[in-house]
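Here's a quick walk through one model, written to be read with the structure open beside you. Have a look at it, then read on.

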Amino acid sequence: MSILKKILTSAAVATALMATTAAAENVKIAIVVKALGIGFFEAANKGAEEAAKELGDVEIIYTGPTDTTAEGQIEVLNALIAQGVDAIAISANDPDAVAPTLQKAMERGITVISWDSGVAKEGRQMHLNPSSSALIGNTIIKLAADNMPDGGDVAILSATSTSTNQNIWIEEAKKVLPNYPGINLVATVYGDDLADKSYREAQGLIATYPNLKAIIAPTTVGILAASQAVTDAGLIGKVNVTGLGLPSEMAGAVESGATVSFAIWNPIDLGYAATMLAYNIKKGATTEAGASIPMGRMGAATLDENGEAAMSDPFTYDKSNIAEFKSIF
Ligand code: RAM
């Protein structure tokens, strides 16, 4: 080999080595969602990508099962562990079922946090709630009650029966029901965050409870499907659909009147904050009770004795403001 060729070859090897080192230094953060294809999580991923861009040395792996099952998430988690990611930020389909796999991840040095829908304490280092669970529980009942001056029957259309976040919100909603004397909760059904199952469950509620005045869906998938079911049944103005939705998906329902109003927090901010937290914990931030962990432009998360923190209050959308927000998330 000529001297020149040797120099060029070693330069190429050096460049290749540098590239590998740089790539190896990137912090790989897996955002594991309840299922792919849900607009809420896609918006959260936008926030995760924004955080990654700001941090500069982060690679986001956005992933999840095709349906909202714990089994599907366990498969995804095992693949991420095998791949050697640095951190996992999960919205769990079941608080307990995914915990052993996440414990295995932590034993291998992977940072694990939950966000949106929590994991049992032993299966994660911290959990980020979008807002106070009690406030969300009260909000979903109040949204229905505010449009029922004479009271009446309401039903809840939830996500899966094991979903941590919806189950807590429903529990909190039931606690405050006595504060709404005329409101009668007749049923809670589960659409599994699948559009078609949610639509059928909403149809079932309409058929079973002829005096139903509101369907409360604390899920972005459920509220959209229920508003379609009410519209298709010709019941706009008779059955109000409310709960938690995305302005981008709910604009039509608000314009038609199928949904008078609904609430949500900013999913982009939530994904951004979860990514910042995963990154800072990976880099050594402590997760003891009382710890305050920075989340970039979202301030800091202060952990309670359960290792949980909450972000901002939900915001209500109706005819007066939906147009302004529908292009954002
Ligand atoms: C769906 C999911 C998510 C929940 C929102 C409100 O997108 O169930 O976990 O936070 O609704």
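Leu55 touches Met276 and Tyr279, leaving aside residues up to four places away in sequence; a contact here means heavy atoms within 4.5 Å. Leu55 itself sits in helix H2, residues 39-55. Helices are DSSP runs of H or I with at least four residues, strands are E runs of at least two, and both are numbered from the N terminus. With 25% relative accessibility, Leu55 counts as partly exposed, the class between buried (under 20% relative accessible area) and exposed (over 50%), using a 1.4 Å probe and protein chains only. Leu55 and Lys319 are 264 residues apart in sequence, and their C-alpha atoms are 37 Å apart in space.

A word on the basis: this is a predicted model, where local features need pLDDT of at least 70, side-chain atom pairs count only at pLDDT 80 or more, and totals for chains, interfaces and linings use all residues. Residues are numbered from 1 along each chain as its sequence is written, and side-chain values use heavy atoms, with hydrogens and water left out.

On to the sheet. Four strands form an open sheet in the order S7-S6-S8-S9, with parallel pairing; two strands pair if DSSP finds at least two bridges between them. S7 (183-190) and S9 (240-243) are the edge strands, each with a single partner, so one side of each has no neighbour in the sheet. On average, neighbouring strands are turned by 25° against each other, direction ignored. S6 (residues 152-158) pairs with S7 in the parallel sense over seven bridges, and Val154 has Leu185 in S7 as its bridge partner.

Which strands does helix H5 touch? H5 (residues 133-145) packs on the sheet against S6, S7, S8 (212-217) and S9, and its direction makes about 160° with that of S9. Helix H8 (residues 220-232) lies across S6, S8 and S9, at about 175° to S9. These angles run from 0 to 180 degrees between N-to-C directions, with axes fitted to C-alpha atoms, for helices over the stretch in contact.

Now the ligand. It is surrounded by 14 residues, the closest being Lys34, Asp116, Gln166, Asp193 and Thr220; a residue qualifies if one of its heavy atoms lies within 4 Å. Some polar contacts (pairs of N or O atoms within 3.5 Å) are listed here:

| Side chain | Distance to a ligand oxygen atom |
|---|---|
| Asn165 | 3.0 Å |
| Asp193 | 2.6 Å |
| Thr220 | 2.7 Å |

Taken alone, the ligand exposes 290 Å², and the protein buries 100% of that, by the Shrake-Rupley method with a 1.4 Å probe.

How values were computed. A polar contact is a pair of N or O atoms within 3.5 Å; within protein, one must be able to donate a hydrogen and the other to accept it, and residues adjacent in sequence count only if both atoms are side-chain atoms.
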